[in-house]
Amino acid sequence: MADPVQTLKDIAVVAVPIIIAITLHEAAHGYAARHFGDDTAARAGRITLNPLRHIDLFGTILLPGFLLLSHAGFVFGYAKPVPVNFGALRHPKRDMIWVAAAGPGMNILLAVVSAALLFLVVHSSFASRTLFEMLLASIQINLVLAVFNLLPIPPLDGGRVAVGILPQPFSSALAQLDRFGMLLLVAVFILLPLLGVDLFHYVVQIPVAFLERPLFALLGFQPE
């Protein structure tokens, strides 16, 4: 019979980094939008570190839990999108890039901070296996969120960045995919693996591993 205490620890090791990652990811979008002239998120109370304001039942709880319990090999989750009125930005096409990039940028920052804290844990007398595993999970989760969200497919952040960068008529054509982007993501990352095509491994996991190596090397630490 499974040890309930150990089970709770295993869940916390993944759940705590996910909640922190998606909360700060969404708050960063809202803060950036307000900075560039749109206060929609601020008026909706979404520029906050209160995770309850950002949690999505399926994306934040059920999906990561299912992936964890099914031993899928990766854990992923998302929060309720922060409302942004891009038309209210002072320079909509340009500022859209910064607002969209703020979320993945926050995840990259969290990964670096987690790596620095992990370095301190490894090289200190304070040895906590749970804290070690939580910080390691935080690095991986934040890098996965950053890389995945930067894929140039609307409505992902990378799609918004691409729409802001590309000239017309390419930006408008890409923006039209917003209505079908989620269906495309489901097809690519859920249906294709059922057919034996693991695209997630190539477009997310390999780039994440590429980013992890120099990050750990810089800190003089390599995970087992």
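Predicted model: local features only at pLDDT ≥ 70, side-chain atom pairs only at ≥ 80, totals over all residues.

Student: OK, what does D39 form a salt bridge with?

Tutor: The partner is R43, and the closest N and O atoms of the two are 3.1 Å apart. R43 is exposed, at 61% relative accessible area.

Student: Why can side chains like that pair up at all?

Tutor: Side chains of opposite charge can pair when their charged atoms come close.

Student: How many salt bridges does the structure hold?

Tutor: There are 4 in the structure. One of them joins the side chains of R94 and D95, with 3.1 Å from N to O.

Student: And is D95 buried or exposed?

Tutor: D95 is buried, because its relative accessibility is 0% and the cut-off for buried is under 20%. R94 is partly exposed, with a relative accessible area of 46%.

Student: Where do E133 and R129 lie?

Tutor: Both are in helix α5, which covers residues 129-149. They sit 4 residues apart, and that is about one turn of the helix.

Student: How many residues of α5 are buried?

Tutor: 16 of its 21 residues are buried, so α5 is largely enclosed by the rest of the structure. The length works out too: at 1.5 Å a residue, α5 should span 30 Å, and its end C-alpha atoms are 30 Å apart.

Student: Where is the kink in α1 centred?

Tutor: The kink is centred on A12 and amounts to about 30°.

Student: And what follows α1?

Tutor: G37 does, and its phi is positive, near 115°.

Student: New topic. Where is H54?

Tutor: H54 is in the loop between α2 (40-43) and α3 (57-69). Even though H54 has its place in a loop, its relative accessibility is 0%, so it counts as buried.

Student: Which residues does H54 touch?

Tutor: Leaving out residues up to four places away in sequence, H54 touches T23, E26, A27, R46, T48, T60, A79 and K80. With R46 there is also a polar contact between the two side chains, at 3.1 Å.

Student: Last one: which helix is A115 found in?

Tutor: A115 is in α4, the helix of residues 92-122. A115 is buried, with a relative accessible area of 2%.

Student: So what does A115 touch?

Tutor: I139, L215 and L219, again not counting residues up to four places away in sequence.

Student: And how far is A115 from N50?

Tutor: Their C-alpha atoms are separated by 24 Å, and along the chain A115 and N50 are 65 residues apart.

How values were computed:
Residues numbered from 1 in each chain as written. Heavy atoms only, no water. Buried < 20%, exposed > 50% of the residue type's maximum accessible area, 1.4 Å probe, protein only. Helix = DSSP H or I, 4+ residues; strand = E, 2+ residues; numbered from the N terminus. Bend = angle between axes of the 7 residues up to and from the residue. Polar contact = N/O pair within 3.5 Å; in protein donor to acceptor, adjacent residues only side chain to side chain. Contact = heavy atoms within 4.5 Å. Expected span 1.5 Å × (residues − 1).
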